[in-house]
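Let us walk through this model step by step. Keep the sequence and the 3D view side by side as you read.

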Amino acid sequence: MSLQNHPMNTWYVAFTPDEITDKPFARQICGIRLVFFRNEQGKVVALEDFCPHRGAPLSLGTVENGQLVCGYHGLRMGDDGETKSMPNQRVQGFPCIKSYAVVERYGFIWLWPGDKALAKEELLPVLEWAENPNWGYGGGLYHINCDYRLMIDNLMDLTHETYVHASSIGQKEIDESPVSTKMEGQSVVTSRFMENVMAPPFWAAALRANELADDVPVDRWQICRFNLPSHIMIEVGVAHAGKGGYNADKAHKASSIVVDFITPESDTSIWYFWGMARDFKPQDTALTDTIRTGQGEIFAEDLEVLEQQQQNLLRYPDKKILKLDIDAGGVQARRMIERAIKQEQAANRPNGE
Amino acid sequence: MSLQNHPMNTWYVAFTPDEITDKPFARQICGIRLVFFRNEQGKVVALEDFCPHRGAPLSLGTVENGQLVCGYHGLRMGDDGETKSMPNQRVQGFPCIKSYAVVERYGFIWLWPGDKALAKEELLPVLEWAENPNWGYGGGLYHINCDYRLMIDNLMDLTHETYVHASSIGQKEIDESPVSTKMEGQSVVTSRFMENVMAPPFWAAALRANELADDVPVDRWQICRFNLPSHIMIEVGVAHAGKGGYNADKAHKASSIVVDFITPESDTSIWYFWGMARDFKPQDTALTDTIRTGQGEIFAEDLEVLEQQQQNLLRYPDKKILKLDIDAGGVQARRMIERAIKQEQAANRPNGE
Amino acid sequence: MSLQNHPMNTWYVAFTPDEITDKPFARQICGIRLVFFRNEQGKVVALEDFCPHRGAPLSLGTVENGQLVCGYHGLRMGDDGETKSMPNQRVQGFPCIKSYAVVERYGFIWLWPGDKALAKEELLPVLEWAENPNWGYGGGLYHINCDYRLMIDNLMDLTHETYVHASSIGQKEIDESPVSTKMEGQSVVTSRFMENVMAPPFWAAALRANELADDVPVDRWQICRFNLPSHIMIEVGVAHAGKGGYNADKAHKASSIVVDFITPESDTSIWYFWGMARDFKPQDTALTDTIRTGQGEIFAEDLEVLEQQQQNLLRYPDKKILKLDIDAGGVQARRMIERAIKQEQAANRPNGE
């Protein structure tokens, strides 16, 4: 990465447990080529993907007894980045490779790309929906060629739904409704409320899944919460009009949480973990699949716009872009990011200089 | 474009009317990413393809009532580069994007990539064949990865037909005949005359299409006319030998004009608009298709040579190339281009410095 | 090539006779784009692939009467790099293009990329197996995206067979046996001997091809010989255990020579000519094909590892790699290469400065 544009001492989602098998798993995160594998205790560990012997990627090798065996000459790498053995060689003097803090929780493997000594599991976000059996979750992963902050902008201003997602969740009333932006503790929150509107196709289907009429007016809400480094949870839903909207009784509404974890791969590419958590029919796996398919199609529409936007910004490096009211959520989120980067850099200077 | 290698205050062919629909149309010309669309009056306009809000390409959006609606957040861009409206926003202070002069004429859309104030329709070339019903025209478009001047060289010296187009229009007598190069007003003209030769396959077919014997000797001519910035019209034809050659009566000859508009996309790529205008059977659309297919196959042979030549010149940046007699047409054309660029640059300096 | 990392005044394998037809043949070697063709005497010659007229690659053209005819405008290039003729042109003043020394021998075409005056056929390696009818040979060519020295390392330490070629020639005893490295005249020699082991699948098949039992213990040997600039011949074989190993009578062993000529294309790509020479059933072409297929599959496994290693070394330019005992062969070979480069550079300085 040319210039550090994201915090390092924080947790990012690295992958989901289904992505790792009994083989090493390679992924680049925050500019670092990493190899992940499960050690003898079954715990996922992360190392630089570089064999200290001849520089081959360790991810080409195998996992044996919780050690990584290089696929070139059989060096055995421990889960701490120390070479444990190599046929016919003494390995005491071998240089270590860097190891990184990893936690598996909430159905994700989390990586702390910065200083391992500062990594603490309690700094993970709290995700109630991920551990409460009254909630169901389904999601997916997209690789997108854009700066991760363009995705934050995208998610903190849902005006784009009217244009990018016209056939599913978009509706004219979104961009006709004002957006409100505020700080709530360490969160940036943008919210929009629409009253007495017709539900667009995605929400009409959600009403039906809740056994609610889909041909009557609804009140609709979107409440986006950004937290460092790049997690956005969006409460979304519709309630039959006049039943209390966001606060309506469960009997009158369909609601869920759009889950977004955005992990930088490079300056201009991301791993985008998206999903939806719902507190109705949590065990209905067919419904989970239906929602995942629908959401996946909608979010693929963002993918194209964001990649084209990124290419265009690279083409016109001297052009300024606007920061309108609707962009305030993204602007505030970027400010939090910049402050976090500055704090890290200040902490890294000797004598606090 | 790294260094300006082409005039800006001049008309280039941008595209043909069949390329634009009711959606915005994106094309890069002279290094500029442009979006084209028809305004409320149906006139084609050209703008920078950059939304002033967040930098998305406007070409991803839609055209509504002659305005361009950004596909990301619905900003409405006028045909003059000024933002007309945006949901829930005041847009008075929005920066303009650059607009460019465009003319639709002769079956082409022409772009003036430089100073809009200097663009005048009367500076278009005069193309008699394009508006006279006694003429028929068919053509096509190739994207070629080469400096546009390599295509000018190619067309101003047809010696290459013997080698590149051996099976269609090439014949040994071409490179055995001397070429003459001269200025005629603002045109560079190279010409070649071959007497008492057999017609190669393409011209034998043209004789037959004119109901003329194709198994008797002919006189053949090629007269290439270059005009700024990069338009080349080539009068080509054959007449039964001894009937006056170029000046023979129509009853004894088959002739046409090869039409070439070369539009730089980048330093090393072009949009090449090629075609053939003929003054026989102008309404015979089957004949137009046959000629277009044949010409398209021939010109695809140039494509490969030019791309390979360009790659080789990039590989050997220090090597000089020769300027032989046969290259004089291209050399003169390049001189005109250089003079035009210098004049533009002089005019752009304050106080005529 | 950014920095010279290989000797120039030496013979490299350029291609095999089956690769060249009656058309010009293009290949980049040591950073030089070359065109090869047979002159009027049938001798292969090599020139820069650059037409002095307009810079088109001469390899796009044709060969006529031992001259290269440019496919663009018909310039006729002689086998010495001098333009011989061009239609309607005097060519005396045309600049020459560089010509290179070429020898066809041993079933290969060899190129001397440096000073032609220093090229002598007697500096070719002596390849007894290539000219003795008691030997059979089969081989192939791979293009691999890695520095040629990574392939030298690979071949001078066969420890990797245990890991990279586990299903064919690899076996645990390889990396359990010490390797010995020494100089023999101008050769670096690494050798490994394993006693009383079971033959892995490739060698079991070779025993059967020699009508020898494949289910009894064998003694196995690997003797790798590196010679400048990048030729590696590896004596490999197995003998029924206790019959004398490497020195056993032919009646008890299966043996052959793995042949490796490594020719740099660029700093990070090579032409890898691999093969196997055997002194049993030399005329059995079906056996030749079987061995070639098996060897080709095995060497394709190296290809993937080497390309990934190269990419990883480029990703981590500041990381050092280790030089272990098993790497001594590659380390010595690199020293010989560096000395040869320095000698060339010293010879090129005026007054021996």
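How far apart do the C-alpha centres of domain 1 of chain A and domain 2 of chain A lie? They lie 34 Å apart. Keep in mind that this is a predicted model.

Start with the domains themselves. Chain A is divided into two parts: domain 1 covers 12-123, and domain 2 covers 133-342. The two domains touch. On one side, 8 residues of domain 1 of chain A take part, and they are in contact with 8 residues of domain 2 of chain A. Look at the domain 1 side of this contact. Two strands of chain A, S1 (12-15) and S2 (25-29), each supply at least two of its residues. The largest share comes from S1(A), with 3 residues. What classes of residue make up the side of domain 1 of chain A that touches domain 2 of chain A? That side has 5 nonpolar residues and 3 polar ones, with no charged residues.

Now look at a pair of helices in chain A. Find helix H2 at residues 148-156 and helix H7 at residues 328-348. Their axes are 7 Å apart, and the helices pack at an angle of about 140°. H2(A) is therefore oblique to H7(A). Here a cut-off matters: only angles over 145 degrees count as roughly antiparallel. The crossing of H2(A) past H7(A) is right-handed.

Which residues meet here? H2(A) brings A:Arg149, A:Ile152, A:Asp153 and A:Met156. H7(A) brings A:Gly329, A:Gly330, A:Ala333 and A:Arg334. By class, the contact of H2(A) with H7(A) has 3 nonpolar, 2 polar and 3 charged residues.

Turn to chain B and find its helices H2 (residues 148-156) and H7 (residues 328-348). Their axes come within 7 Å and cross at roughly 140°. That makes H2(B) oblique to H7(B). Is the crossing of H2(B) and H7(B) left-handed or right-handed? The crossing is right-handed. From H2(B), the contact uses B:Arg149, B:Ile152, B:Asp153 and B:Met156. From H7(B), it uses B:Gly329, B:Gly330, B:Ala333 and B:Arg334.

Next, step back to whole chains. What rotation superposes chain A on chain C? A rotation of 120° does so, with 0.0 Å of shift along its axis and an RMSD of 0.0 Å. That is the relation of a three-fold axis. Chain B can be superposed on chain A by a rotation of 120°, with 0.0 Å of shift along the axis and an RMSD of 0.0 Å.

Finally, see where the chains touch. How many residues does the contact take from chain A and from chain C? It takes 17 residues from chain A and 20 residues from chain C. The side of chain A that touches chain C has 8 nonpolar, 7 polar and 2 charged residues. Chain B also touches chain A. That contact takes 17 residues from chain B and 20 residues from chain A. On the chain B side, the residues are 8 nonpolar, 7 polar and 2 charged.

How values were computed. Residues numbered from 1 in each chain as written. Chains lettered and ligands numbered in written order. Predicted model: local features only at pLDDT ≥ 70, side-chain atom pairs only at ≥ 80, totals over all residues. Least-squares fit on C-alpha atoms with pLDDT ≥ 70 in both. Domains from an automatic or database assignment. Contact = placed C-beta atoms within 7 Å. Helix = DSSP H or I, 4+ residues; strand = E, 2+ residues; numbered from the N terminus. Nonpolar A, V, L, I, M, F, W, Y, C, P; charged D, E, K, R; others polar. Axes fitted to C-alpha atoms, helices over the stretch in contact; angles between N-to-C directions. Parallel < 35°, antiparallel > 145°, perpendicular 65-115°, else oblique. Left-handed = near helix turned anticlockwise from the far one by under 90°.
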